[in-house]
Structure formats: structure tokens, C-alpha cells
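Thanks for asking me to look through this one with you. My notes are below as numbered points, to be read alongside the structure.

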Amino acid sequence: MLRTRIVSGILARMSLAGLVLVVEDEDPVRRYTVSLLEELGFTVLQAIDGTEAIEVLRHRSGEISLMLLDHSMPGLSGEEVLAELEREGLTVPVVLTSGYDRTSLERRFAGHEIADYLQKPFRLETLDETVRAVLANRAQAS
């Protein structure tokens with residue numbers, strides 16, 4: 001019942017819904033995140049690694065409202081993905097997801113443009129607040 005009330009309240013605030021790219025190499029975590037975002041009213045694209053994320057952004061960066069980027073992945077790390085996006089001039093607000101605490105991530109990712117941080121595991125409410133705050137900031141900046 002509590003989840004139903006929360007989702008009802010969230011649905012009342014869906015004016016900032018958009019297209020979100022979830023970049024996560026762990027299948028269960030990616031599926032969970034996608035299901036939460038869809039429950040919140042977002043359309044979601046998925047990438048299983050940094051290489052796939054860059055490819056998606058090359059073709060659809062103008063459509064993507066926000067990217068949830070796992071900081072630690074095999075192949076290209078989150079940091080390497082950000083560096084490549086910067087080299088190519090691809091811009092999208094990034095919420096960095098990690099099991100590490102925010103302070104250590106802020107130090108590690110200093111110099112990169114990170115819209116916010118989301119510590120795993122996260123709950124529906126935290127995901128909603130984080131994503132909507134980033135989207136609201138983006139809308140105000142436009």
C-alpha cells in the first residue's frame with residue numbers, strides 16, 4: 001500500500017519525464033533500475049558497458065535527458081566513458097551510480113561534469129528525487 005501511495009504521488013509530478021540511458025554491466029542491477037525508472041514514467045534505453053553507451057550517445061544524445069552511469073565496469077570504466085564523451089563533444093547530464101560513497105567519488109571524478117551521485121543500492125524514492133532534481137536543473141538552465 002505504501003508503494004502505491006508513493007507511486008501515485010510521483011505520477012502526479014511526471015511533467016519532467018524523459019528518455020534515460022542506464023549504463024550498468026550487472027544485469028540484475030540494470031533490470032531493477034530500468035523497472036524503477038519505467039515505473040516512474042520514464043522511457044529507458046540500456047547499455048551493458050561503456051562502449052555500448054558511447055555508441056548510443058553518438059546516435060541519440062539529442063534525445064537523451066539523462067544518463068545513469070555505473071562508475072566501475074569491465075572494459076571502459078565510467079571515468080573513461082566521460083573522457084570519451086568530452087573528447088567527442090557529446091553532452092548529457094550524468095548521474096554517477098556506485099556502491100562507493102559520494103565523497104570518494106567526488107574526489108575521483110573531479111574535473112568531470114557530474115550532475116549528481118547515486119549510491120547503490122538505492123530505493124525508488126531516492127532514484128526519483130535524484131533524477132527529477134537533475135532534470136529540473138537542466139530545464140532551468142535551458
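1. Let me start with a cut-off that I use further down: a residue counts as buried when its relative accessible area is under 20%, as exposed when it is over 50%, and as partly exposed in between. Please also keep in mind that this is a predicted model.

2. For the overall layout, the protein has six helices and five strands. Along the sequence they follow the pattern α-β-α-β-α-β-α-β-α-β-α. The protein has 142 residues, and 46% of them are buried. If you take the contacts between residues at least 6 apart in sequence, 67% of these join residues at least 24 apart.

3. Which residue does the UniProt annotation "modified residue: 4-aspartylphosphate" cover? According to that record, an unreviewed entry, the residue is D70. You will find D70 in strand β3, which runs over residues 64–70. Its relative accessible area is 3%, so D70 falls under the 20% limit and is buried.

4. Still with D70, its surroundings are worth a look on your screen. Setting aside the neighbours within four places in sequence, D70 is in contact with V23, E24, D25, G78, T97 and K120.

5. Next, the aromatic side chains. The model has one aromatic pair by the rule applied here. The pair consists of Y32 and F122, with ring centres 6.4 Å apart and planes at 35°, so it is classed as tilted. Y32 belongs to helix α2 (residues 27–39), while F122 sits in the loop between β5 (116–119) and α6, so the pair ties together parts that are 90 residues apart in sequence.

6. Are the two partners of that pair buried or exposed? Y32 has a relative accessible area of 40%, so it is partly exposed. F122 has a relative accessibility of 7%, and because the limit for buried is 20%, F122 counts as buried.

7. Finally, the largest pocket, which holds about 320 Å³ of space. It is lined by 14 residues, and those closest to its centre are T91, V92, P93, V94 and E113. Helices α4 (78–88) and α6 (124–141) each supply at least two residues of this lining.

8. What classes of residue make up the lining of the largest pocket? Nine of the lining residues are nonpolar, two are polar and three are charged. E113, one of the residues closest to the centre of the pocket, belongs to the charged class.

Definitions and conventions. Residues are numbered from 1 along each chain as its sequence is written. This is a predicted model: local features need pLDDT of at least 70, side-chain atom pairs count only at pLDDT 80 or more; totals for chains, interfaces and linings use all residues. Side-chain values use heavy atoms; hydrogens and water are left out. On a 1 Å grid over the protein atoms alone, a cavity is a set of points where a 1.4 Å probe fits but cannot get out, and a pocket is an open set with protein on both sides within 12 Å along at least five of seven lines; lining residues have an atom within 4 Å of a point. Grid points are joined across faces, edges and corners, and a volume is the space filled by probe spheres set on the points. Helices (H or I, at least four residues) and strands (E, at least two) are DSSP runs, numbered from the N terminus. UniProt positions are given in the numbering used here, feature names are shortened, and annotations may be inferred rather than shown by experiment. Buried means under 20% relative accessible area, exposed over 50%, partly exposed in between (1.4 Å probe, protein chains only). Contact means heavy atoms within 4.5 Å. Rings of Phe, Tyr and Trp (its six-membered ring) pair if their centres lie within 6.5 Å; planes under 30 degrees apart count as stacked, over 60 as edge-to-face and the rest as tilted.
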